[in-house]
Amino acid sequence: MYQYDQHDQKLVDQRSQEFRQQVSRRLSGLISEDEFKPLRLMNGLYLQLHAYMLRVAIPYGVLSSAQMRKLAYIADRYDRGYGHFTTRQNIQFNWPALVDTPDILDELASIQMHAIQTSGNCIRNITTDPFAGVAADEEVDPRPLAELLRQWSTLHPEFRYLPRKFKFAITGSANDRAAIKVHDIGLRLKSGADGKVLVDIWLGGGQGRTPKIAQLFRENVSITELLPYLEATMRVYNRYGRRDNKYKARIKILLAEVGLAELQAEVEEVFSKIDKSRFEPVEAELSRLDSRFIKPLYHEIPEDENPEPDEPANLAVSLTGTSDLNAPVAHEYNRWLERNVKQHKQHGYAIVVVSLKRIEGIPGDASADEMREFASIADDYSHSELRVTHRQNVVLPHVKQTDLASVWQRLSDANLATSNIDLPSDIIACPGMDYCALATARSIPVAQEIAAHIRAKEKVTSVGDLSVNISGCINACAHHHVANIGILGLDRGGVENYQITLGGRSDENARIGERMGRGLLASEIAPAVDRIIDVYLDKRQLTETFSDTYQRIGKAAFKDSIYGDDHAIQTA
Amino acid sequence: MTMKNNRENDDKRMGIIIANDLRSGLTVFLTVAGEWTEQLSEAMVVVDEIGASDALSIAAKDEADNIVTGAYLTDSSESGEPIVLREALRVCGPSVDYQPGRSYSKCHPGLPSRSAACQVELAYSVSGEA
């Protein structure tokens, strides 16, 4: 957990005071809505379908238990008792009153949080691997650099009015859990031969109406050169990015229009003229930032000890008084261990992913009570730390393996032990037209229908990892383009209509999914997804993933499962 | 100030004026008395162009006076229920329970709960008829 210094705190305190004055001027009529709108957006305050919506930044998805409790308090005190965790590791409150927002920002500032740059044409919240610093496969912990970029980009005077919003993502692992190749800039941190950190810069990725996979823009950038190089890149984008058409204003369009070589040459020229001394000493600054992260004091467990989590049989005994491994409780616990517990870099510890995808629930939503329970469990078992994932789940990053049974019991008691991480029912869904003013169709009820439809299959077959993402409009907030099964909700003559794309993926081998054909009615989506999964289960070889099978056999069999003669299609 | 009119056919449809209350942000409707209400049942139903023009003038003034924001005219039925799905959702609230087992009225006494008519119209209609 990064701890603010006095400068960080002063900045958010002053920002909160400034916004209080802006709101006051708006309410008294001194400024119009047209004048106020860019000011509120700079503080994450939207006006949505039903009410204002406040988007709060969770930098690189890391939260303390105290911060989670404060979010719960805000949900109860100023909202309707819940919040929505987003695909950018933020949280959104759907019902705050304008008159309360200055108080909410004060509450956030009191626990080192804010809503700065969660909207507007600026550099947005920096996202990273939700397992940063604890993943067994990690080469470099991306959090100190993520914090450096957060500080560099926050209120950067040159980049406050970019042609369009700009998103960074960082990973320090070969296995990309941060989807860096579908961001404006993705950074892959590596450990160089001399132990120094090197960075590959991927540029021009993105989704929305023109989905693109990022291109490798510059390889093996040293840490000392990184910030000036990024500044040069942003400067070039700020100068040449199109401002005449917001649909063509992202850097991915600039890259496509001028080409990789020309854009690289332009950035190199600007980079050569930048005064690098302004950024020195970066390594010392990174060390300083690193020192402000509270590190968990792990209980050292000798390597020759292998503390496995409680066996399901033991759990069955403690919970039911029997040692029946077939007891439902033992089965559920075993399944949770298999799906929701990930390998930790520290011997004797585990990473626990808590699913926010209960079958009857709303993907990414958590009630205030649930937030408080997360905080309490984190205090008891995870060094008071939590993470939020871009797949809209919550992580307990430092759990002793010997505590796993207790953690599962606590989660189970709170109805939070759904064992479906990375399964098809672990659906990413945007708020859709149930909340969002931009949406063209609902996504939440369709996600619920799909989850209900396929959950039984997940339990009796080894479907394995398979992503299903559903967006309620072309802006693709739910990353449907890079889902194995992507669903896009549109309006067709006043009726919700859903297009299916297949074969996408957001990892280190990111691909944009292929559109299958005409859209389906909402009622047709869940059965169609079910049939698509059946094709995969029927055709896959050995341990093939969905993407592997799709690449090998092509789209025909899958498309036939959607539109074949046996499946009457009601829409044209 | 240019007021938005999202009606598909100005001549044949009725409509209501919908906006957000500036202070709370909640969806509100213009009443016959020229005031704003959160209750759809109290909304004024505009039946012709003269009525629409007058209503939009009131809305524009109230926007200028910082009472509401984002006001516009939208198609409705004779009883004032919006015809377009998006607007129906604005009126009725999300079509999903944000917390299963809890209702708005339970959590927030005094706030409008979804009407029976809206429940029927917006119940997740797999037939796509909403």
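Which strands of chain A does helix 6 of chain A lie across? The close-ups below, taken from a predicted model, begin with that view.

**View 1. Helix 6 of chain A against the strands.** Helix 6 of chain A lies across strand 7, strand 8, strand 9 (197-203) and strand 10 of chain A. With strand 10 of chain A, helix 6 makes an angle of about 145°.

**View 2. Helix 8 of chain A against the strands.** Helix 8, residues 260-273 of chain A, lies across strand 9 and strand 10 of chain A. Its direction is at about 30° to strand 10 of chain A.

**View 3. The open sheet of chain A.** Five strands form this sheet in the order 6-7-8-9-10, and their pairing is mixed. Strand 6 (127-128) and strand 10 (215-222) of chain A each have a single partner strand, so they stand at the edges with one side left without a neighbour in the sheet.

**View 4. Strands 7 and 8 of chain A.** Strand 7 (residues 168-171) and strand 8 (residues 185-191) of chain A run parallel and are joined by 4 bridges. A:Thr171 has A:Arg188 of strand 8 as its bridge partner.

**View 5. Helix 5 and helix 6 of chain A.** The axes of helix 5 (residues 143-153) and helix 6 (residues 223-240) of chain A come within 12 Å and cross at roughly 45°. Helix 5 of chain A is therefore oblique to helix 6 of chain A. The crossing is right-handed. On helix 5 of chain A the contact is made by A:Leu145, A:Leu148, A:Leu149 and A:Trp152, and on helix 6 of chain A by A:Leu226, A:Leu227, A:Leu230, A:Glu231 and A:Met234. These residues divide into 8 nonpolar, no polar and 1 charged.

Conventions: Residues numbered from 1 in each chain as written. Chains lettered and ligands numbered in written order. Predicted model: local features only at pLDDT ≥ 70, side-chain atom pairs only at ≥ 80, totals over all residues. Heavy atoms only, no water. Axes fitted to C-alpha atoms, helices over the stretch in contact; angles between N-to-C directions. Helix = DSSP H or I, 4+ residues; strand = E, 2+ residues; numbered from the N terminus. Parallel < 35°, antiparallel > 145°, perpendicular 65-115°, else oblique. Left-handed = near helix turned anticlockwise from the far one by under 90°. Contact = heavy atoms within 4.5 Å. Nonpolar A, V, L, I, M, F, W, Y, C, P; charged D, E, K, R; others polar. Pairing = 2+ DSSP bridges.
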